[in-house]
Amino acid sequence: MITDAEIHLEKLATELELRGFAVRLRVKEGWSPSLTVTNPKAPVLAESILVMADMEGQAAYYFPWPMRIAPVTELIIAADSVERVLAETGRPPRAAAPAGRVEADAR
């Protein structure tokens, strides 16, 4: 059975792959699913992403230390934040999303 956390992590994985990052969804019985994201141009730049409830009880992406990244309903904002953390020196900034771009719906 696929959990909501896995669905949200898969959506984030897809967005980050489009940006050139290597991703790996880790699902292990008894553990929360996590997404390992690696910058292939600088493999030392890697981090895990989790989905947990924030202080308002809403699902959000988190770094494991724990630092809230963004609500799962804000996929592009979350991907932008992860990209900033894992960007290698000299990486060109991502162009802003075209006006009217609709976020992927959250399940």
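**The sheet and what lies on it**

Five strands make an open sheet in the order β1-β2-β3-β4-β5, with antiparallel pairing. Two strands pair if DSSP finds at least two bridges between them. β1 (22–26) and β5 are the edges; each has a single partner strand, so one side of each lacks a neighbour in the sheet. From one strand to the next, the twist averages 30°.

A word on the source. This is a predicted model: local features need pLDDT of at least 70, side-chain atom pairs count only at pLDDT 80 or more, and totals for chains, interfaces and linings use all residues. Residues are numbered from 1 along each chain as its sequence is written, and side-chain values use heavy atoms, with hydrogens and water left out.

Now the whole chain. It has 2 helices and 5 strands. These are DSSP runs, numbered from the N terminus: helices are H or I, at least four residues, and strands are E, at least two. From the N terminus, the order is α-β-β-β-β-β-α.

Look at one pair. Strands β2 (residues 34–38) and β3 (residues 46–53) run antiparallel, joined by 4 bridges. T38 has A46 in β3 as its bridge partner.

Helix α2 (residues 75–86) lies across β2, β3, β4 (59–63) and β5. Its angle to β5 is about 145°. Axes are lines fitted to C-alpha atoms, for helices over the stretch in contact (heavy atoms within 4.5 Å). Angles run from 0 to 180 degrees between N-to-C directions.

Last, M67. This residue lies in strand β5 (residues 67–71). Buried, exposed or partly exposed? M67 is partly exposed, with a relative accessible area of 41%. Buried means under 20%, exposed over 50%, partly exposed in between (1.4 Å probe, protein chains only).
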